[in-house]
Amino acid sequence: MTTYEVESIATVVGGHTRVQDDYQGGVESVIRLNEAYSLETLQGIDEFSHLTVTWRFHLAQPEDVQLHARSPRGNVQWPATGTFVHRNHRRPNQLAVSYPRLLSVDGRDLLVTDLDAVDGTPVIDLAPYFHEMGPRGSLRQPAWPGEMLADYWRDTGERPSAGLP
């Protein structure tokens with residue numbers, strides 16, 4: 001296998017403080033560009049509404065990886081599916097891609113909302129989201145992702161245990 005070494009280009013500051021499966025919406029966080037990159041590298045990004053952010057599940061451990069079929073979230077009502085059918089930290093490289101809404105830019109700080117990474121998450125790459133590069137044609141998927149993710153983007157304040165530590 002070929003291996004690649006990558007360095008983070010930014011860090012998530014603020015926002016979610018713990019890993020959670022649902023209620024990811026309504027939380028603002030900052031993607032702070034590392035000082036190794038000049039401000040010129042962000043020139044023009046404020047003209048876009050959304051970003052494509054690649055980040056690492058930095059709180060995951062290598063032993064979290066599961067290379068076999070399993071039911072999503074352990075729910076046997078959903079079919080067992082292979083490792084590469086899941087979108088979580090149990091995949092080999094423990095990477096994620098998110099599409100947060102860009103609210104503002106202040107120097108190295110990109111204020112975003114709806115980023116499902118936690119405070120301290122290393123950002124591997126970021127780019128503006130181009131509508132033209134999104135999926136082409138009709139989308140299809142089985143029913144279980146819609147059932148599983150029904151509350152994913154609900155506002156964090158609506159979480160039943162929102163007031164609990």
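Trainee: Before we go on, what kind of model is it?
Mentor: This is a predicted model: local features need pLDDT of at least 70, side-chain atom pairs count only at pLDDT 80 or more, and totals for chains, interfaces and linings use all residues. Residues are numbered from 1 along each chain as its sequence is written, and side-chain values use heavy atoms, with hydrogens and water left out.

Trainee: OK, where does Asp 109 lie?
Mentor: In strand β6, residues 109-113. Strands (E, at least two residues) are DSSP runs, numbered from the N terminus.

Trainee: And which residues is Asp 109 in contact with, leaving aside neighbours within four places in sequence?
Mentor: Val 30, Ile 31, Arg 32 and Ser 104, where contact means heavy atoms within 4.5 Å.

Trainee: Zooming out, what's the strand order in the sheet?
Mentor: Seven strands form an open, antiparallel sheet in the order β4-β3-β7-β1-β2-β6-β5. Two strands pair if DSSP finds at least two bridges between them. β4 (95-98) and β5 (101-106) are at the edges with a single partner strand each, so one side of each has no neighbour in the sheet.

Trainee: How many bridges join β1 to β2?
Mentor: Four, and the two strands run antiparallel. Val 12 has Ile 31 as its bridge partner in β2. With β7 (residues 122-128), β1 pairs over two bridges, also in the antiparallel sense; there Thr 11 stands opposite Pro 122 and Ala 10 opposite Val 123.

Trainee: Switching topic: how many salt bridges does the structure hold?
Mentor: Four, a salt bridge being a side-chain nitrogen of Lys or Arg within 4 Å of a carboxyl oxygen of Asp or Glu. One of them joins the side chains of Arg 73 and Asp 21 (3.9 Å, N to O).

Trainee: Which parts does that pair tie together?
Mentor: Arg 73 is in the loop between β3 (51-56) and β4, and Asp 21 in the loop between β1 and β2, so the pair ties together parts that are 52 residues apart in sequence.

Trainee: What about Arg 154, which partner does Glu 158 share it with?
Mentor: Asp 151: salt bridges that share partners join Asp 151, Arg 154 and Glu 158 into one network. The closest N and O atoms are 3.4 Å apart for Asp 151 with Arg 154 and 2.7 Å apart for Glu 158 with Arg 154.
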